[in-house]
Amino acid sequence: MKLTRLVGECDEGECPTIYATDRGTLAIQGDRVADHGLELPAHETMVEIPVELIRKAIRDNLI
């Protein structure tokens, strides 16, 4: 899978970031949420990112 960085909170690669994939989907980098109380399939995880990151991606017409 090829990832293209769309928007992030920093340039170091260790911050919440939204990527576009070559599959026409988005990949999200963020802090893993462990205390959500949901039963997720083994192949899925839940991450948390700031709402402002989504707003910036929309405002900049990235998604």
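Student: Which residues does Thr-17 touch, not counting residues up to four places away in sequence?

Tutor: A contact means that heavy atoms lie within 4.5 Å. With residues up to four places away in sequence left out, Thr-17 touches Arg-5, Val-7, Gly-8, Ala-27, Ile-28, Gln-29 and Leu-53. Please note that this is a predicted model, in which local features need pLDDT of at least 70 and side-chain atom pairs count only at pLDDT 80 or more, while totals for chains, interfaces and linings use all residues. Residues are numbered from 1 along each chain as its sequence is written, and side-chain values use heavy atoms, with hydrogens and water left out.

Student: What does the side chain of Thr-17 reach?

Tutor: One looks here for a polar contact, a pair of N or O atoms within 3.5 Å; within protein, one must be able to donate a hydrogen and the other to accept it, and residues adjacent in sequence count only if both atoms are side-chain atoms. The side chain of Thr-17 reaches the backbone oxygen of Cys-15 at 2.8 Å.

Student: How many helices and strands has the chain?

Tutor: Helices (H or I, at least four residues) and strands (E, at least two) are DSSP runs, numbered from the N terminus. The chain has 1 helix and 5 strands, and their pattern along the sequence is β-β-β-β-β-α. Thr-17 has its place in strand S2, and Thr-21 is found in that strand, which covers residues 17–21.

Student: Which cysteines form a disulfide?

Tutor: A disulfide is a covalent bond between the sulfur atoms of two cysteines; the criterion used is a pair of cysteine sulfur atoms within 2.5 Å. The structure holds 1 disulfide. Cys-10 and Cys-15 form it, with their sulfur atoms 2.0 Å apart. The link is right-handed, with 105 degrees about the S-S bond. Cys-10 is buried, at a relative accessible area of 19%.

Student: Which residues make up the largest nonpolar core?

Tutor: In soluble globular proteins, nonpolar side chains tend to be buried together. A nonpolar core is a set of buried Ala, Val, Leu, Ile, Met, Phe, Trp, Tyr and Cys residues joined through side-chain atoms within 4.5 Å. In this structure the largest such core has 5 residues, namely Leu-6, Val-7, Ile-18, Leu-53 and Ala-57. Strand S1 (3–8) and helix H1 (51–59) are the elements that give two or more residues to this core. With residues up to four places away in sequence left out, the residues that Ile-18 touches include Leu-6, Val-7, Leu-53 and Ala-57.

Student: How many salt bridges does the count come to?

Tutor: Side chains of opposite charge can pair when their charged atoms come close. A salt bridge is a side-chain nitrogen of Lys or Arg within 4 Å of a carboxyl oxygen of Asp or Glu. By this rule the count comes to 3. Arg-55 pairs with Glu-52, their closest N and O atoms being 3.9 Å apart. These two are 3 residues apart in helix H1, so about one helical turn separates them. Glu-52 also forms a salt bridge with Arg-59, at 3.1 Å between the closest N and O atoms. Glu-52 is partly exposed at 39% relative accessibility, whereas Arg-59 is exposed at 52%. Lys-56 and Asp-60 form a salt bridge whose closest N and O atoms are 2.8 Å apart. Salt bridges with shared partners join Glu-52, Arg-55 and Arg-59 into one network.

Student: What is the phi of Asn-61?

Tutor: Phi of Asn-61 is near 55 degrees, a positive value in a residue other than glycine. Asn-61 is found in the segment after H1 and is exposed, with a relative accessible area of 69%.

Notes: Buried < 20%, exposed > 50% of the residue type's maximum accessible area, 1.4 Å probe, protein only.
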